[in-house]
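Please keep the sequence and the structure in view while reading.

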Amino acid sequence: MMRIGLFLLTNLAVLVVAGIILSLFGVGSYHGAGGLNLGNLLVICFVFGMVGSLISLFMSKWMAKKSTGTELIDPNAPRNQAEAWLVQEVAQLAQRSGINMPEVGIFPSYQSNAFATGWNKNDALVAVSTGLLERMNKDELRAVLAHEIGHVANGDMVTLALVQGVVNAFVMFFARVVGDFIDRNVFGREDGEAPGLAYFGITIVLDIVFGILASAIVMWFSRYREYRADEAGARLAGKQAMISALLRLQAESEMPDQMPKEMKAFAIAEGKEQGFSLAALFQTHPTIEQRVAALQQLNCP
């Protein structure tokens, strides 16, 4: 219930912000006497689609910390040798990748996992699970950290947010174009009449259907960037170490996934859902077998 409440509040905030932006730019209604004003509709959908995605991007670090229970490590006063080693490794990898030092954290999870997020590559967060620290050796840990630094250096968080925003815009646009066509030709709305409940009901359903179909595009990009991050991890920490880390994750793949759903796209591993899940049809990560095969073809030590 709390998650649903937060979702509704976030969407309300997005609507308010988008409405202010639309007013400032003088974009009016997209329904006119002659039908849809496609230019206005496209602008409105673009603003609504991008605003929601950009808000999520700017809130990504805060949401990641809250949803995973990540505790940040003070780089000037690590509490133990493990924390000191993590900070040192991340600092070295960040320097080699040409980015600023990210925040480093640890989140409680028996599952071996890690993620990176942040609104730009010079203000990022890299976090690892307690399970990963306990069961991976240092070479494997370094490879996982290098993979996450690869995500940061490649600007994957920003690019994914932009892709999602564009997809959202076109989903909203085509849902309303098709909804208007159905409302006129099936429900008999005449020119000049304001859209009725049928139109709004149709567009809500089409938003959901088109959104599910269009998410395949976002998931494809997510899988593609995993290969790029694996390559970055291999070049920074060694190909065999990256392969070994992935095989270690594969051995744990039967464990229930404890990573919050909103963080899956930014994790090193997607994990396994319990029971049937629609998300299984739109995976954010390639299979471990596919990732290992790609790394074996990579020309690096």
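Helices α6 and α9 are roughly perpendicular to each other (a class for angles of 65 to 115 degrees), because their axes cross at roughly 95 degrees. The axes of α6 and helix α9 (residues 239-251) come within 8 Å; axes are lines fitted to C-alpha atoms, for helices over the stretch in contact, and angles run from 0 to 180 degrees between N-to-C directions. On the α6 side, the contact (heavy atoms within 4.5 Å) is made by D139, E140, A143, V144 and H147, and on the α9 side by A241, M242, S244, A245 and R248.

The model is predicted: local features need pLDDT of at least 70, side-chain atom pairs count only at pLDDT 80 or more, and totals for chains, interfaces and linings use all residues. Residues are numbered from 1 along each chain as its sequence is written, and side-chain values use heavy atoms, with hydrogens and water left out.

The largest nonpolar core has 41 residues, and L86 and L145 have the most contacts inside it. Such a core is a set of buried (under 20% relative accessible area, 1.4 Å probe, protein chains only) Ala, Val, Leu, Ile, Met, Phe, Trp, Tyr and Cys residues joined through side-chain atoms within 4.5 Å. Helix α6 (residues 138-153) gives the most to this core, namely seven residues. Apart from this core lies another, of seven residues, including V167, V171, A214 and F221.

Conventions:
Buried means under 20% relative accessible area, exposed over 50%, partly exposed in between (1.4 Å probe, protein chains only). Helices (H or I, at least four residues) and strands (E, at least two) are DSSP runs, numbered from the N terminus. Angles under 35 degrees count as roughly parallel, over 145 as roughly antiparallel, 65 to 115 as roughly perpendicular and the rest as oblique.
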